[in-house]
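Subject: Structure for you to look at

Hello,

Here is the structure I promised you. Please open it next to this email and follow along.

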Amino acid sequence: MPLSPAPRILLISNGHGEDLNGGLIADGLRQCDPGLELAALPIVGAGSPYGRRGIPLLYAGRTLPSGGMVYQGLNLWKDLAAGWLQQSLAQLWTAWRQGRRFDLVVSIGDHVPLIFALLTGRPTVVFLVSTSSYYEGRLRLSALTRWCCRRRRVRVVLTRDAFTATDLQAQGQAKALFRGYPIMDLPPPDPGQVARLPGSRTLALVPGSRFPEALHNLVLMLRLCGQLGGQAGAGPWRFLVAVVESPHWRELEPLAAAVGWRLDGDVLRSAGGDLEVRLLPGALPSILAASDLVVGMAGTAVEQAVGFGLPVVQLVGRGPQFSYAFAESQMRLLGPTVHTVGRRPADTADLQEAAGLIVRLLADPELPQRCADAALERVGPPGGSRRIAETVLEALARGPGGFS
C-alpha cells in the first residue's frame with residue numbers, strides 16, 4: 001500500500017555507474033508507489049540517468065576532467081583547476097540546506113555520498129555499490145565508512161552481492177543486506193536494433209562513457225579488429241559498438257582515419273573494405289544479447305556483460321579511468337571470465353596477444369558454463385531495482401528503529 005502522504009526521497013550518488021543505479025532504483029520506487037516525490041543530487045557529472053527520468057536535480061553540476069576518478073594520478077590537480085573544490089562546497093551546502101525537507105535519503109556509492117546523506121540529518125539507506133568483498137576476500141571498510149554506517153540514522157546497508165553482505169554481517173555489521181544489483185534491470189533486447197547472426201562471430205566493443213577517453217579506447221579496439229581480421233580461418237567477424245550518446249563522437253572520424261578506418265555514417269570500414277564496425281547508440285542490451293564475446297574498456301557495462309553470461313577481454317588504455325589498476329581490480333571483482341591483456345597501455349604486441357586470446361576463448365566448449373556461473377555469482381539476476389525499492393520503503397515505514 002502506498003504511504004500517505006507521499007514520501008519525499010532524495011537519491012545521492014557519486015559516479016556515472018552510481019547514477020545509473022540510482023535511476024534504476026528510482027524506477028523501482030515508482031513501480032512500488034507512483035506518488036512518491038523523488039529528487040537527486042549527483043556529485044559527479046550531470047546526472048543524466050536522473051534527467052532522462054524527469055527527476056529534478058538539487059544541484060546541476062558539470063563533468064570534471066577526471067570523470068570522477070579523482071584518486072588516480074594527477075586527476076585531483078586537474079579537477080581542482082576546473083573548479084572541483086567550489087562545486088563540492090556548493091553541493092555540500094545544498095545537501096545540508098535542501099536535504100532536510102526529505103523523509104529519507106538513499107546514498108549510492110561509497111563513503112562520499114554517505115557523508116552528504118548524513119549532512120541532511122535525515123534517515124538514510126546506504127547502497128555500497130562501489131566496493132565488494134570479492135576484491136580482497138574480506139571487505140575492509142575505512143574507519144570513516146564504518147562509523148557512518150553505524151549511525152542510528154542509517155537504517156540499512158545494502159551491498160552489491162550476497163558474498164559482501166555475508167562478510168559484513170560476520171564482521172558485526174548487522175544492518176548489511178543483499179537485495180540485488182539494479183544494473184541488470186535493462187530494457188529487453190530489441191531484435192530490430194541488432195540480432196544474432198548465425199555463422200559469424202560477433203564481438204561487442206564497449207569503449208566506455210567518459211570522453212575523450214572513450215574515443216581513444218575505440219581507436220585501440222579498431223586496431224584489434226584489424227588483428228582479428230588477419231587471423232587465418234577465424235572469421236567471419238561482426239563488430240558492434242555500444243555508443244553512449246555524446247557530441248564528442250564527432251571527433252571520431254579523424255582519429256579512426258589515422259589508424260586506417262573510414263567513417264561512413266554509422267559504420268566504420270577498414271582500409272581494405274573487408275571489415276565493418278557498426279556504431280549503435282543506446283543499444284547495449286541488444287548488442288550484448290547478439291554477441292559472443294565483449295572487448296571492454298568500461299566499468300558498469302563490463303559488469304553487465306558478465307551478467308549476460310559473456311566472456312570479456314580487457315585492453316589497457318591510458319586512462320584516466322581504464323588503467324591497468326582499474327582493469328585488474330575489475331578482474332578480481334567479476335571473476336575468471338574477465339581477462340586483461342598486458343599491464344601498460346596496449347601496443348601492437350598486446351593487440352596480437354588479445355586477438356589470439358579471443359580466438360581461443362571462443363573455441364573453448366566449457367566457456368559458456370563458466371560464464372553462466374559467473375553471471376549468477378558475481379552480478380545476479382534481474383529484479384534488483386524493485387527489491388531495493390521495497391527495502392527502501394520498508395525502512396521508511398519502520399521509523400527510527402529501521403532494520404537494526
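Start with the sheet of six strands. It is open, its order is β2-β1-β3-β4-β5-β6, and the pairing is parallel. Strands β2 (37-42) and β6 are the edges, each with a single partner strand, so one side of each has no neighbour in the sheet. From one strand to the next, the twist averages 25 degrees. Keep in mind that this is a predicted model.

Look at β3, residues 104-108. Is this strand buried or exposed? Five of its five residues are buried, so β3 is largely enclosed by the rest of the structure. Both of its faces are covered. L104, V106 and I108 are buried on one side. V105 and S107 are buried on the other.

Now check the partners of β3. Strand β1 (residues 8-13) pairs with β3 in the parallel sense, over five bridges. Find L10 there: it stands opposite V105. Strand β4 (residues 124-128) also pairs with β3 in the parallel sense, here over four bridges. In that pair, I108 stands opposite F127.

β4 and β5 (residues 154-159) run parallel and are joined by five bridges. F127 turns up again here, opposite L158 in β5. Helix α7 (residues 162-170) packs on the sheet and touches β4, β5 and β6. The direction of α7 makes about 160 degrees with that of β6.

**Helix α1 and D19**

Helix α1 lies across β1, β2, β3 and β4. It runs at about 160 degrees to β1. The helix covers residues 16-32, and D19 is one of them.

Which side chain of opposite charge is nearest to D19? It is R210, and it is 8.7 Å away. D19 is buried, yet it has no salt bridge. A salt bridge would need a side-chain nitrogen of Lys or Arg within 4 Å of a carboxyl oxygen of Asp or Glu. What does D19 touch, then, leaving aside its neighbours within four places in sequence? Its contacts are S13, P42, V44, G47, P49 and Y50.

**The sheet of eight strands**

Now move to the other open sheet. It has eight strands, in the order β9-β10-β11-β8-β7-β12-β13-β14, and the pairing is mixed. Strands β9 (261-264) and β14 (338-341) stand at the edges. Each has a single partner strand, so one side of each is left without a neighbour in the sheet. Neighbouring strands are turned by 25 degrees against each other on average, direction ignored.

Take β7 next. Strand β8 (residues 237-243) pairs with β7 in the parallel sense over five bridges. Look for L205 in that pair: its bridge partner in β8 is V241. Strand β12 pairs with β7 in the parallel sense too, over four bridges. There, V206 has G296 as its bridge partner.

Then follow the sheet to β14. Strand β13 (residues 312-315) runs parallel to β14, and four bridges join them. Which residue of β14 is the bridge partner of V313? It is H339.

Helix α11 (residues 300-307) lies across β7, β12 (293-296), β13 and β14. It runs at about 160 degrees to β13. Helix α12 (residues 324-334) lies across β13 and β14, at about 160 degrees to β14.

**Two prolines**

Find P212 in the loop between β7 and α8 (213-229). The peptide bond that joins F211 and P212 is cis, with omega at about 5 degrees.

Then find P198, in the loop between β6 (176-178) and β7 (201-206). Is P198 buried or exposed? It is exposed, with a relative accessible area of 74%. The cut-off for exposed is over 50%. P198 and M184 are 14 residues apart along the chain, and their C-alpha atoms are separated by 26 Å.

Best wishes

Key
Residues numbered from 1 in each chain as written. Predicted model: local features only at pLDDT ≥ 70, side-chain atom pairs only at ≥ 80, totals over all residues. Heavy atoms only, no water. Buried < 20%, exposed > 50% of the residue type's maximum accessible area, 1.4 Å probe, protein only. Lys, Arg positive; Asp, Glu negative; His and termini not counted. Contact = heavy atoms within 4.5 Å. Pairing = 2+ DSSP bridges. Axes fitted to C-alpha atoms, helices over the stretch in contact; angles between N-to-C directions.
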